[in-house]
Amino acid sequence: MSELTTIERIGLYGGGALLLLGTVGMGLIEILLGAPHPVSGEGQIVHETLFSLSLRSYTILLGLILMATYGIANLATKPPKDTSI
Amino acid sequence: MTEQIHTQLLGRDVSLNVSGPWLAYWLVIMRLAVGWWLLHAGLDKFAGWPFDASWFIGGAAAGTSLGPFVTLFSDGILLSFTNVMVPLGQTLIGLGLIVGALTRLAAFFGAFLMTFFYFINGETGGWAHGVITGDLLGLLIFAMIATLGAGRVLGVDAYLVKTSFVKDHPRLRYFIG
């Protein structure tokens with residue numbers, strides 16, 4: 001983790017940041033400024049949210065894809081350092 | 001029995017103490033519980049064979065962010081492939097986790113599978129209970145099992161990792177615990 005290249009930083013930190021932005025970040029802003037309950041008391045879905053649900057989906061999806069890309073690229077390009085066990 | 005970990009995160013030095021026995025204990029509990037979750041899901045589909053995923057990948061998935069990709073598998077030979085691979089994959093992932101064999105590979109495919117469940121179930125339900133769902137938590141647990149290499153604790157991977165084949169092909173370490 002301490003010797004990351006720029007591309008690896010984008011995959012790990014960028015992916016993690018997007019995952020957290022789509023879940024925690026947008027969720028917190030929604031609670032404070034938007035519609036904390038997109039579902040009515042009767043269980044009907046009310047889409048009056050600051051961030052469209054598809055925007056949150058794509059943000060989280062992009063984060064997961066970046067992290068998975070890092071993992072697969074790491075596997076393809078580097079042998080593991082610790083082979084002693 | 002406490003292990004000291006020194007590393008760097010976001011350019012800062014990070015040190016933490018981890019209790020070895022607690023970590024080993026928890027890795028096994030997590031692997032068995034999550035493994036049974038998937039093994040049961042797979043065996044259940046075989047028990048009720050034939051399994052037909054078309055309602056999910058053809059119906060529910062359409063209109064979701066994964067729809068353009070997933071609906072390609074909704075008919076013909078690709079649907080037949082999916083109808084076999086979902087229960088077979090779930091069974092193998094579950095078995096892999098329970099016996100701790102090829103644990104990282106199993107966890108990777110578990111996370112891969114959960115990505116589809118997370119977005120398709122979540123979006124078709126309008127994220128009615130928020131964007132953190134059981135499917136996302138499942139995905140994160142698979143990622144954690146892969147990160148920690150949980151298969152070496154009372155698992156087959158503890159044996160596999162010592163074989164000369166794995167020592168000669170160190171890249172295989174990415175697939176085992």
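Among contacts in chain A between residues at least 6 apart in sequence, what percentage join residues at least 24 apart? The share is 62%, a contact being a pair of residues whose C-beta atoms, placed from the backbone, lie within 7 Å.

The model is predicted: local features need pLDDT of at least 70, side-chain atom pairs count only at pLDDT 80 or more, and totals for chains, interfaces and linings use all residues. Residues are numbered from 1 along each chain as its sequence is written, while chains are lettered from A and ligands numbered from 1 in the order in which they are written.

Select chain A. It has two helices and zero strands; helices (H or I, at least four residues) and strands (E, at least two) are DSSP runs, numbered from the N terminus. Of its 85 residues, 19% are buried, that is, with 20 or more other C-beta atoms within 10 Å of their own, again placed from the backbone.

Next, select residues 76-99 of chain B, helix H4. Its 24 residues reach 35 Å from first C-alpha to last, close to the 34 Å expected at 1.5 Å times one less than the number of residues. Centre on Met85(B), where a kink of about 25° lies shortly before Pro87(B); the bend is the angle between axes fitted to the seven residues ending there and the seven starting there. Buried residues of H4(B) include Thr82(B), Pro87(B) and Leu97(B), and the buried set packs against helices H1, H2, H5 and H6 of chain B. Gly100(B), with a positive phi near 70°, follows H4(B).

Finally, select Lys45(B) in helix H1 of chain B. Lys45(B) counts as buried because it has 20 C-beta neighbours inside 10 Å. Not counting residues up to four places away in sequence, Lys45(B) touches Phe51(B), Val86(B) and Pro87(B).

Methods:
A residue is buried if 20 or more other C-beta atoms lie within 10 Å of its own, exposed if 12 or fewer, and partly exposed in between; C-beta atoms are placed from the backbone. Two residues are in contact if their C-beta atoms, placed from the backbone, lie within 7 Å.
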